[in-house]
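This briefing covers nonpolar cores, salt bridges and a surface patch. Please look over the sequence and the structure before reading on.

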Amino acid sequence: MKEAQRKGLFVGSFDPFTIGHDDIVRRALELFDGLIIGVGTNPDKAYKYSEEERINAIRTHFADEPKVEVIGYSDFAIDLAKRVGAKYIVRGVRSIRDFEYERDQAVFNKRLGDIETILLYADPTLSAISSSAVRELEHFNKDASWMIPKVDNDEQDE
């Protein structure tokens, strides 16, 4: 009998995807046979980058990683998890504030969808990095490129 694949789901708006997100993905890949990155879009939220731009940037970044799939979604993460057959939602935690929010979300994920939540704590050297920090620096014309994963020139040419 073939063993069922363990799929994880890493969800967020990823506006933009940062090196902190990359670190969580790479660590989560050690736990799962496959990881789906769900790029969320909330109609009540304004984004700097379109859903297509966010998805394409992440797909390009992980082009050489066959265990990663990137998809967009606009509903509850637990509904997406059920659609894609993931029993686990992966979340990154940088601070106590993140932990308290994610703890509450984990309760809802379990109660409403019977989905387990796995919290991965941020590498301390990356804990100050966030998408909102990138957007703020960019708004004031400051260099935030050090917080964004590097794209190989070969990848950009494709």
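**Cores, salt bridges and a patch**

The largest nonpolar core has 18 residues, and V25, L35, I37, I58 and V90 have the most contacts inside it. A nonpolar core is a set of buried Ala, Val, Leu, Ile, Met, Phe, Trp, Tyr and Cys residues joined through side-chain atoms within 4.5 Å. Two or more residues of this core come from each of α1 (19-29), β2 (34-40), α2 (51-61) and β3 (68-73). This is a predicted model: local features need pLDDT of at least 70, side-chain atom pairs count only at pLDDT 80 or more, and totals for chains, interfaces and linings use all residues. Residues are numbered from 1 along each chain as its sequence is written, and side-chain values use heavy atoms, without hydrogens and water.

**Cores**
- A second, separate core of 13 residues includes I71, A81, A86 and I115.

**Salt bridges**
- The structure holds 10 salt bridges (a side-chain nitrogen of Lys or Arg within 4 Å of a carboxyl oxygen of Asp or Glu).
- D22 pairs with R26 in a salt bridge, with the closest N and O atoms 3.0 Å apart.
- D22 is buried at 14% relative accessibility (buried means under 20% relative accessible area, exposed over 50%, partly exposed in between; 1.4 Å probe, protein chains only).
- R26 is partly exposed at 37%.
- A network of salt bridges links K110, D114 and E116.
- D114 is exposed, at 54% relative accessibility.

**Helix α4**
- V107 lies in helix α4 (residues 96-113) and is partly exposed, at 49%.

Definitions and conventions
Helix = DSSP H or I, 4+ residues; strand = E, 2+ residues; numbered from the N terminus.
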